[in-house]
Amino acid sequence: RYKRPLGSHVIVELKRPSVVTSTSKLLEQVDKYRNALRQYLLDIGSRESVEVVCVVGRDLSDWKNLDGRDESRNTLDPKHIRVVKYDELLNNAKASYGEYLIHEKSLGRIRKLLDGLAGQGDQSHSAS
């Protein structure tokens, strides 16, 4: 379980990369965790939301059916459950990290410029 700063709780279910499961099996499994956490939160007087992220290595078995992915999403969305594949998660992380590095590089140039300007300011003060 993970708690976001805004107060919602996230349960992360990691499936082995080789496991093939279905929407209904996943729902049955994670619904237990989700309901237990929701009940605990109610017991302590909290109305914070609960989300579930299921990380899988392979497509769910029912995704091969016509409109299978959409039907799966329509089943899981109302319960705030989503499925993410490991490769998708890794690609998103790489892309985000790449953006961070570009941003950091840009900030590095700005820092050098500001440091240079600050150094020139120090020299002008010491000359007076």
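Is Glu13 buried or exposed, at 12% relative accessibility? Glu13 counts as buried, because 12% is under the 20% cut-off. The structure is a predicted model.

## Overall layout

The chain holds three helices and four strands. From the N terminus on, the order of elements is β-β-α-β-α-β-α. Of the 128 residues in the chain, 27% are buried.

Take the contacts between residues at least 6 apart in sequence: 72% of them join residues at least 24 apart. The chain exposes about 9400 Å² of surface, and carbon and sulfur atoms supply 53% of that area.

## Glu13 and strand 2

Glu13 sits in strand 2, which covers residues 9–14. The side chain of Glu13 has a polar partner: a polar contact of 3.2 Å joins it to the side chain of Gln29. Leaving aside neighbours within four places in sequence, Glu13 is in contact with Gln29, Val30, Tyr33, Val53, Cys54 and Val55.

Strand 2 pairs with strand 3. The two run parallel and are joined by six bridges. Leu14 stands opposite Val55 of strand 3.

## Strand 3

Strand 3 is mostly covered, with seven of its seven residues buried. The cover extends to both faces. On one side lie Val50, Val52, Cys54 and Val56. On the other lie Glu51, Val53 and Val55.

Neighbours within four places in sequence aside, Cys54 is in contact with Glu13, Leu26, Val30, Ile81, Arg82, Val83 and Val84.

## The nonpolar core

In soluble globular proteins, nonpolar side chains tend to be buried together. Here the largest nonpolar core has 15 residues. Val52, Cys54, Leu60, Ile81 and Val83 have the most contacts inside this core.

Three elements each supply at least two core residues: helix 1 (23–43), strand 3 (50–56) and strand 4 (81–85). Helix 1 gives the largest share, with five residues.

## Helix 2

Which residues of helix 2 are buried? In this helix, residues 68–76, they are Gly68, Ser72 and Leu76. Seen down the helix axis, the buried residues of helix 2 fall within an arc of 60°, so they line one face. The buried residues of helix 2 pack against helix 1 and strand 4.

Asp59 lies in the loop between strand 3 and helix 2. Its relative accessibility is 31%. Asp59 therefore counts as partly exposed, since that value falls between the 20% and 50% cut-offs.

Which residues does Asp59 touch, leaving aside its neighbours within four places in sequence? They are Val20, Arg69 and Lys85. Two of these contacts can be described further. The Asp59 side chain makes a polar contact of 3.1 Å with the side chain of Arg69. A polar contact of 2.8 Å links the side chains of Asp59 and Lys85.

Asp59 can also be placed relative to Val19. The two are 40 residues apart along the chain, and their C-alpha atoms are separated by 9.4 Å.

Key
Residues are numbered from 1 along each chain as its sequence is written. This is a predicted model: local features need pLDDT of at least 70, side-chain atom pairs count only at pLDDT 80 or more; totals for chains, interfaces and linings use all residues. Side-chain values use heavy atoms; hydrogens and water are left out. A nonpolar core is a set of buried Ala, Val, Leu, Ile, Met, Phe, Trp, Tyr and Cys residues joined through side-chain atoms within 4.5 Å. Buried means under 20% relative accessible area, exposed over 50%, partly exposed in between (1.4 Å probe, protein chains only). Contact means heavy atoms within 4.5 Å. The arc is that of the directions from the helix axis to the C-beta atoms. A polar contact is a pair of N or O atoms within 3.5 Å; within protein, one must be able to donate a hydrogen and the other to accept it, and residues adjacent in sequence count only if both atoms are side-chain atoms. Accessible areas come from the Shrake-Rupley method with a 1.4 Å probe; for residues, only the protein chains shown count as cover. Two strands pair if DSSP finds at least two bridges between them.
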